[in-house]
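These are my notebook entries on a single chain.

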Amino acid sequence: MKKLFAICTFLILILLTGCATDNPPRFITYSQEAERTDGEGDAFAEPVAFDVFFRRENANFSMYEPAEGTYAAAWLSPDAGIRGFEYAAGMRHAVYVNEVYLGDDIDIAWLLHCIASNATPLFVVHPPDNPAVADIDEIDLATILAQRLGSFNVPMFVAFYPEHDLPPREFVALFRGMRNAFLTHAPQTAVVWVTPCYTSTPQSAYYPGHFVTDWVAVPLLADWSPEKGFRDVMPGFRQFYTAFSEHKPIMILPLGVSHFTRGDYSYRIAGASEEILRIYSALENFPRLGLIAYADSFTITRMYSDDFSVSRETGLIRAYSLAAARLLPTFERDNRENSRWIRSAHHGYFFDNELFISPQTLETELRIPTPAQTLEINNQIFASAALLSQNTFACQTRNIIFIEIE
């Protein structure tokens, strides 16, 4: 029991769980009841789906990946002040985002302001659009940029070409060449691959490969339409996370929730505030999500008619501050951890005061044989955690089963 108490106390303190439970027993005595009437009008308990987390030892961490938790980041418009945004939000941010086009000068004033604010810069690099550099090879332009950024000798992130029209083989070759330029001239820079597609996988033709990427990123923009309301971005993110989290830490670059669209010229401050809170709460259940950059800028959403910013409306900045309060406000340069929580690709259940684990989680991910005694739940086979030798407990606030590997 003391061991369980120590484990749960640790989980409460770290940003990963956000679950306030007091010394929970081995199996929680909590159930959700669905009011379902039979012939006598009695209500009875239904199985409740829980996410499953397990801890993996000797884990390989990528460059600047936090040991636990998610960096708070913001993508501001070029004329927005970092300190003004932090004052309005009531919190510091570990990372700030800026854009640069190959061949153009970097914004030195912004970079120095970012460094002075004890934040880490993240540069989104776009293809050149200056005719004056049209005849210069893009690898050479990337080398010049790497030399310029490397001269500051501080940790940075750089994301290459989130928007382009190159064929896959040409893009991959260019990405690898630019990465080599930064490896040589700006070795403190972590390289980010950004895809606009939730369905991308490590086998996708545009993915440059594990050996040349430190992080992977996807945008989550919850635009709004009269027919469907807010776009639900979580199913797509869940698919992307499942495909990549075993290999790389994940960024959301950027996250945005629409509060105004030129489609109907109406504001939805209350609805957008609720959606921001809902999305950030849901994202807490993805332990290798290492950075969320909120889109407080018009320039990054060129293909949308929506306004995703939060700093222009008091109600929105309050909701954002509350939603992002548990994110990491400072940057971790050195990570000495050797284990991490992994989110299983398969859910479990709480049913009849017991926790049940999928055989796919046990056999494929944990290399544990499934007990002979199983139970069928919703047409699938599950094993009771009571039959496992592993220490298993749950967070009822977030519907998570934790499996500690002895």
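**Entry 1: Helix α2**

I began with the outward side of helix α2, where Arg83 and Tyr87 are exposed. I note that the model is a predicted one.

I then looked up the buried residues of α2, and found Ile82, Phe85, Glu86 and Ala89. These four cover an arc of only 95° around the axis, so they lie on the same side of α2. I recalled the general rule that an α-helix has 3.6 residues a turn, so residues three or four places apart point the same way.

Next I asked what covers the buried residues of α2. The cover includes strands β4 (71-76), β5 (95-101) and β15, together with helices α3 (108-116) and α8 (314-323).

At the end of the helix, I recorded that α2 is followed by Gly90. The phi of Gly90 is positive, near 70°.

**Entry 2: α2 against α8**

I looked up how the axes of α2 and α8 are placed, and found that they come within 9 Å and cross at roughly 80°. Angles of 65 to 115 degrees count as roughly perpendicular, and therefore α2 is roughly perpendicular to α8. On the α2 side, Phe85, Ala88 and Ala89 make the contact. On the α8 side, Ile317, Tyr320 and Ser321 take part.

**Entry 3: Phe85**

I turned to Phe85, which lies in α2 (residues 82-89). Is Phe85 buried or exposed? Its relative accessible area is 5%, and buried means under 20%, so Phe85 is buried.

I listed the contacts of Phe85, leaving aside neighbours within four places in sequence. They are Ala74, Leu76, His93, Tyr96, Asp296, Val310, Ser311, Ile317 and Tyr320. For Ser311 I also noted the separation along the chain, which is 226 residues from Phe85.

**Entry 4: Tyr320 and the cores**

I listed the contacts of Tyr320 under the condition that neighbours within four places in sequence are left aside. Tyr320 is in contact with Ala73, Phe85, Ala89, His93, Ile276, Tyr280, Tyr294 and Val310.

Which residues of the largest nonpolar core touch the most other members? Among its 71 residues, I found Tyr96, Phe237, Leu255, Tyr280, Leu283 and Tyr320. Helix α5 (residues 168-185) gives the most to this core, with six residues. Another core, of 22 residues, lies apart from it, and includes Ala73, Val124, Ala159 and Ala293.

**Entry 5: Helix α6**

I looked up helix α6 (residues 234-244), in which Met234, Gly236, Phe237, Phe240, Tyr241 and Phe244 are buried. Seen down the axis of α6, its buried residues fall within an arc of 155°, so they line one face of the helix. I found that the buried residues of α6 pack against strands β8 (189-194), β9 (215-222), β12 (250-257), β15 (289-296) and β17 (339-343), and against helix α7 (269-283).

**Entry 6: Strand β3**

Finally, I recorded the strands that pair with β3.

- Strand β18 (residues 348-351) runs antiparallel to β3 (residues 48-57), and three bridges join them. Val48 has Phe350 as its bridge partner in β18.
- Strand β23 (residues 400-404) runs parallel to β3, with four bridges. Phe53 has Phe402 as its bridge partner in β23.
- Strand β17 pairs with β3 in the antiparallel sense, over five bridges. Glu57 has Ser339 as its bridge partner in β17.

Conventions: Residues are numbered from 1 along each chain as its sequence is written. This is a predicted model: local features need pLDDT of at least 70, side-chain atom pairs count only at pLDDT 80 or more; totals for chains, interfaces and linings use all residues. Side-chain values use heavy atoms; hydrogens and water are left out. Buried means under 20% relative accessible area, exposed over 50%, partly exposed in between (1.4 Å probe, protein chains only). Helices (H or I, at least four residues) and strands (E, at least two) are DSSP runs, numbered from the N terminus. The arc is that of the directions from the helix axis to the C-beta atoms. Contact means heavy atoms within 4.5 Å. Two strands pair if DSSP finds at least two bridges between them. A nonpolar core is a set of buried Ala, Val, Leu, Ile, Met, Phe, Trp, Tyr and Cys residues joined through side-chain atoms within 4.5 Å. Axes are lines fitted to C-alpha atoms, for helices over the stretch in contact, and angles run from 0 to 180 degrees between N-to-C directions. Angles under 35 degrees count as roughly parallel, over 145 as roughly antiparallel, 65 to 115 as roughly perpendicular and the rest as oblique.
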